[in-house]
Amino acid sequence: MGIIGRIDYAGLGSGGDGARTWCTDEAHMGCRVCRLSRVMAPVHAAAAVNDVEILRALLDADPGLIEADESPQGYPSRRPLHCACEAGSVEAADVLLDRGADISALDNWRCTPLLRACMFGRLEVVRLLLA
């Protein structure tokens, strides 16, 4: 079965086991996205670790995830673009921007994705956002 075998929508953002069931490839169960999905939604995790293959698959399955703001461990208004920018995930940020992510979205701390990239010294992401 491929990397994305089933997306458990009930699990997205729940932080529970449901957030891990979307990745069904046995070799993929130990990936960084799966591990990070224990504390944040899979779309946020894929953006944070720059896994554009999984990110695209999730967005293809549900384009509304581009604006998903449910990340259960204290980041209820942080969107996938915030996660990509904070982590320095240039390719993921580019995918999100191409899909229409809101560059001016504010998180809980009233930070935009650009401010997050600046705060964490992610110069390549800053250049992408300003291009």
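**Exercise 1. Classify Arg-116 by its accessibility and find its salt-bridge partners.**

Step 1. Arg-116 has 7% relative accessibility, so it counts as buried. Buried means under 20% relative accessible area, exposed means over 50%, and partly exposed lies in between (1.4 Å probe, protein chains only). The model is predicted: local features need pLDDT of at least 70 and side-chain atom pairs count only at pLDDT 80 or more, while totals for chains, interfaces and linings use all residues. Residues are numbered from 1 along each chain as its sequence is written, and side-chain values use heavy atoms, with hydrogens and water left out.

Step 2. Look for salt bridges, where a side-chain nitrogen of Lys or Arg is within 4 Å of a carboxyl oxygen of Asp or Glu. Arg-116 pairs with Asp-107, with 2.9 Å between the closest N and O atoms. Asp-107 is buried, as is Arg-116.

Step 3. Arg-116 also forms a salt bridge with Glu-86, at 3.5 Å from N to O. This pair links distant parts of the chain, 30 residues apart: Glu-86 is in helix H4 and Arg-116 is in helix H6 (residues 113-119). Glu-86 counts as buried because its relative accessible area is 18%.

**Exercise 2. Describe the salt bridge between Arg-79 and Glu-67.**

Step 1. The closest N and O atoms of Arg-79 and Glu-67 are 2.3 Å apart. The two residues are 12 residues apart and link distant parts of the chain, both being placed in the loop between H3 and helix H4 (80-87).

Step 2. Arg-79 has 23% relative accessibility and therefore counts as partly exposed. Glu-67, at 27%, is partly exposed as well.

Step 3. For the whole structure, the search finds six salt bridges.

**Exercise 3. State which secondary-structure elements the protein has and what share of its residues is buried.**

Step 1. Helices (H or I, at least four residues) and strands (E, at least two) are DSSP runs, numbered from the N terminus. The protein has seven helices and zero strands.

Step 2. Of the 131 residues in the protein, 45% are buried.

**Exercise 4. Examine Asn-50, Asp-51 and Arg-110 in their loops.**

Step 1. Asn-50 sits in the loop between H2 and H3. Its phi is near 65°, a positive value in a residue other than glycine. Asn-50 is partly exposed because its relative accessible area is 25%.

Step 2. Asp-51 lies in the loop between helix H2 (42-48) and helix H3 (52-61). At 19% relative accessibility, Asp-51 counts as buried. The Asp-51 side chain reaches the backbone nitrogen of Ile-54 at 3.2 Å.

Step 3. Arg-110 belongs to the loop between H5 and H6. Although Arg-110 is not a glycine, it has a positive phi of about 60°. Its relative accessibility is 62%, so Arg-110 counts as exposed.

**Exercise 5. Locate the negative surface patch.**

Step 1. Patches are made of residues with over 30% relative accessible area and no salt bridge, with like charges joined within 9 Å. Asp and Glu count as negative.

Step 2. The negative patch is formed by Glu-91, Asp-94, Asp-98 and Glu-124. Helix H5 (residues 90-98) gives the largest share, three residues.

Step 3. Asp-94 is placed in helix H5. At 33% relative accessibility, Asp-94 counts as partly exposed.

Technical notes. Patches are made of residues with over 30% relative accessible area and no salt bridge: like charges are joined within 9 Å, nonpolar side chains (Val, Leu, Ile, Met, Phe, Trp, Tyr) within 5 Å. Accessible areas come from the Shrake-Rupley method with a 1.4 Å probe; for residues, only the protein chains shown count as cover. The place of a charge is taken as NZ of Lys, CZ of Arg, CG of Asp or CD of Glu. A polar contact is a pair of N or O atoms within 3.5 Å; within protein, one must be able to donate a hydrogen and the other to accept it, and residues adjacent in sequence count only if both atoms are side-chain atoms.
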